[in-house]
Amino acid sequence: MMYPPTRKDFISLTLTDPNCHIYNNGKHRKQSCWRKWKQLSRLQRNIILFLLALTLVLALMSYSHISKQRTGLSKKEDWMEMIDDGLKPAFPDVNLKPVVGPDSMTEVKGPNIPIFQKPPINKRIFPNKRGPPSLQKNGNVSLTFLVARQEEVQDAEEENGDKQKKLVSWRGAIIEADQVTEPPPSANEKDAAATPAPEILAGSVPVTEFAEAKQWIEKELSFNQNVDVNLFETTIRVLGGLLSTYHLTGDQLFLNKAKDLGSRLMPAFKTPSKIPFSDVNIGKGTAHPPRWTSDSSMAEVTSIQLEFRELSRLTQDPQYKEVVDEVMKQVHKLPGKHDGLIPMFINTNSGQFSHRGIYTLGARADSYYEYLLKQWIQGGKTEDELLEDYIEAINGVKKHLVRQTGPRKLTFVGELSHNRFSPKMDHLVCFLPGTLALGAHNDLPGDHMDLAVQLMETCHHMYTQMETGLSPEIAHFNLHTTDSNDIIVKPADRHNLLRPETVESLFYMYRLTKNPKYREWGWEILQSFNKYTRVSDGGYTSINNVRDPENPQPRDKMESFFLGETLKYFYLLFSDDMELLSLDKYVFNTEAHPLPIWPTPPK
Ligand code: DMJ
């Protein structure tokens with residue numbers, strides 16, 4: 001989540017001459033200017049032409065920079081995503097040395113954490129290869145690889161015309177394979193009809209890959225780097241990943257690393273208002289806002305709490321919790337909300353909202369709403385201010401942002417800009433059905449669940465109404481009945497970045513309702529990912545055009561949240577084990593890293 005500049009930077013070259021009337025129309029103007037031009041020396045003309053060319057180039061560069069920020073994909077986010085919990089270089093040839101600048105304002109040009117060669121697998125540690133040979137790659141079974149196999153299942157399915165059997169045979173193929181040394185406990189045909197073998201995955205995939213990752217973290221990963229990192233992205237991806245891994249393994253290594261990283265992020269909170277800056281240099285201990293503003297985005301400053309609070313609980317050191325609780329306390333009291341809806345930015349000097357008047361559940365605000373509920377659940381449902389803010393916000397969403405389309409009466413969440421409603425919904429907003437369902441599961445009003453069901457349907461349509469079966473980054477909804485299309489996609493919004501939000505919500509909806517249709521919808525999405533985004537020599541890629549199945553225009557780039565979130569939620573969606581990372585025991589952070597619900601409430 002990145003920021004747009006608060007003001008646009010213009011580079012202007014004014015060639016004024018009182019005798020050359022450039023703002024007057026007509027022949028006289030042309031002749032006068034032309035005469036002046038001819039009177040200039042060759043050197044003067046060359047200088048002017050050079051300056052004009054330079055201006056054009058700079059304008060183009062600045063345009064492309066701004067449009068990247070608007071789509072939430074700055075260079076920094078790009079490489080932050082590369083280093084997410086996959087811990088593998090997506091682009092092995094990137095410059096591994098961070099670019100070090102003269103001060104903390106230096107823009108980082110590469111990964112902020114060095115990426116090293118994959119260590120060789122020590123086969124003696126893992127003598128028991130599990131899974132069929134077709135799923136074993138160098139003695140290592142990867143989840144990505146396994147998911148890719150499902151395309152073959154789909155083909156077989158089409159041939160036989162029997163989906164149930166195919167799902168069985170997909171899983172059956174694994175179960176029947178000679179090399180399976182330990183069949184999963186629930187390996188029977190009835191269970192298998194509904195799921196792709198999560199038990200086998202649980203038994204074989206993480207074991208080998210986990211050992212590699214652990215070795216890398218132990219031996220190679222150092223946060224003592226003179227680089228700027230984004231506080232939010234580093235917290236949700238790296239700190240969240242380390243804390244979650246500590247819980248799943250009990251291995252102190254991960255907690256030690258989490259503590260080291262958390263401490264290095266603390267300088268971000270040293271601001272006049274105590275609202276954190278967006279960027280921290282984890283080596284120097286300095287922090288700063290983006291170059292163009294002293295604002296931070298609301299989603300960023302209010303979606304680091306689950307992780308910092310958990311770090312305090314585990315280390316018995318209150319400082320981490322205190323700084324993030326302070327942010328929530330201030331936001332709770334802050335004037336300028338609109339029936340619980342928040343503006344997208346907050347100023348780190350004044351601590352006041354900035355850029356008021358625009359309300360969205362999409363980029364720059366989304367996870368504020370998600371973390372209100374999840375912090376309340378994390379703390380044992382005792383922190384009333386969090387609940388109040390969440391309930392008020394959902395009422396605000398219903399009052400100001402929820403509408404239905406003309407053709408199929410699809411319920412969607414639009415945006416409000418200075419009291420004008422815009423029927424625009426980011427794919428990011430598809431986290432909301434899952435969050436609403438989680439709230440309803442925790443005894444919040446039943447109509448939250450009704451809204452969740454309706455929004456889930458709409459997010460599903462954002463996929464099914466596209467020619468590739470994949471959602472665009474942004475959908476505009478049609479409010480008129482005269483047209484048959486519910487969804488309009490603007491040319492700039494036709495890309496798909498392999499985002500997780502819809503699959504995430506499908507997971508919650510399936511877990512909490514047990515309605516098999518949500519699994520079916522997930523399965524369809526997975527097939528579309530396999531058909532249009534899978535790369536033949538490994539991995540998946542973002543695409544530029546979800547409306548063109550002939551040429552979806554692969555970008556040759558896989559965001560790390562595809563591994564960290566999208567595949568994880570697929571895995572959980574297809575798992576038969578409803579207690580696997582139970583929603584009554586864990587809250588998932590906004591990057592899909594599970595953290596425990598606290599056994600005792602905070603003081
Ligand atoms: C993730 O990094 C997080 O879920 C974040 O809150 C916003 N969305 C991206 C993936 O789409």
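1. Helix 8 (231-249) and helix 19 (560-574) each contribute at least two residues to the shell around the ligand. Please keep in mind that this is a predicted model. The ligand has eleven residues around it, and the closest are R499, E501, E565, T590 and E591. Sorted by class, this shell holds five nonpolar, one polar and five charged residues.

2. A polar atom in the side chain of R499 sits 2.6 Å from a ligand oxygen. The side chain of E501 also places an N or O atom 2.6 Å from an oxygen atom of the ligand. With T590 it is a polar backbone atom that lies 2.6 Å from an oxygen atom of the ligand. On its own the ligand has 290 Å² of accessible area, and the protein covers 95% of that.

3. How many disulfides does the structure hold? There is one disulfide, formed by C430 and C459, whose sulfur atoms are 2.2 Å apart. C430 belongs to the loop between strand 12 (424-426) and helix 15 (432-441), while C459 belongs to helix 16 (residues 446-464), so the bond ties together parts that are 29 residues apart in sequence. The torsion about the S-S bond of C430 and C459 is about -100 degrees, which means the disulfide is left-handed. Both C430 and C459 are buried.

4. Next, have a look at E383, in the loop between helix 13 (366-378) and helix 14 (384-401). Is E383 buried or exposed? Its relative accessible area is 18%, so E383 counts as buried, given that buried means under 20%. Leaving aside residues up to four places away in sequence, E383 touches R309, Q375, W376 and P602.

5. Phi of D339 is near 50 degrees, a positive value in a residue other than glycine. D339 is found in the loop between helix 12 (319-333) and strand 5 (345-347). With a relative accessibility of 31%, D339 is classed as partly exposed.

6. R364 is located in the loop between strand 7 (358-359) and helix 13. The relative accessible area of R364 is 7%, so this residue is buried.

Methods: Residues numbered from 1 in each chain as written. Predicted model: local features only at pLDDT ≥ 70, side-chain atom pairs only at ≥ 80, totals over all residues. Heavy atoms only, no water. Near = heavy atom within 4 Å. Polar contact = N/O pair within 3.5 Å; in protein donor to acceptor, adjacent residues only side chain to side chain. Areas by Shrake-Rupley, 256 points an atom, 1.4 Å probe, with all protein chains shown as cover. Helix = DSSP H or I, 4+ residues; strand = E, 2+ residues; numbered from the N terminus. Nonpolar A, V, L, I, M, F, W, Y, C, P; charged D, E, K, R; others polar. Buried < 20%, exposed > 50% of the residue type's maximum accessible area, 1.4 Å probe, protein only. Contact = heavy atoms within 4.5 Å. Disulfide = S-S within 2.5 Å.
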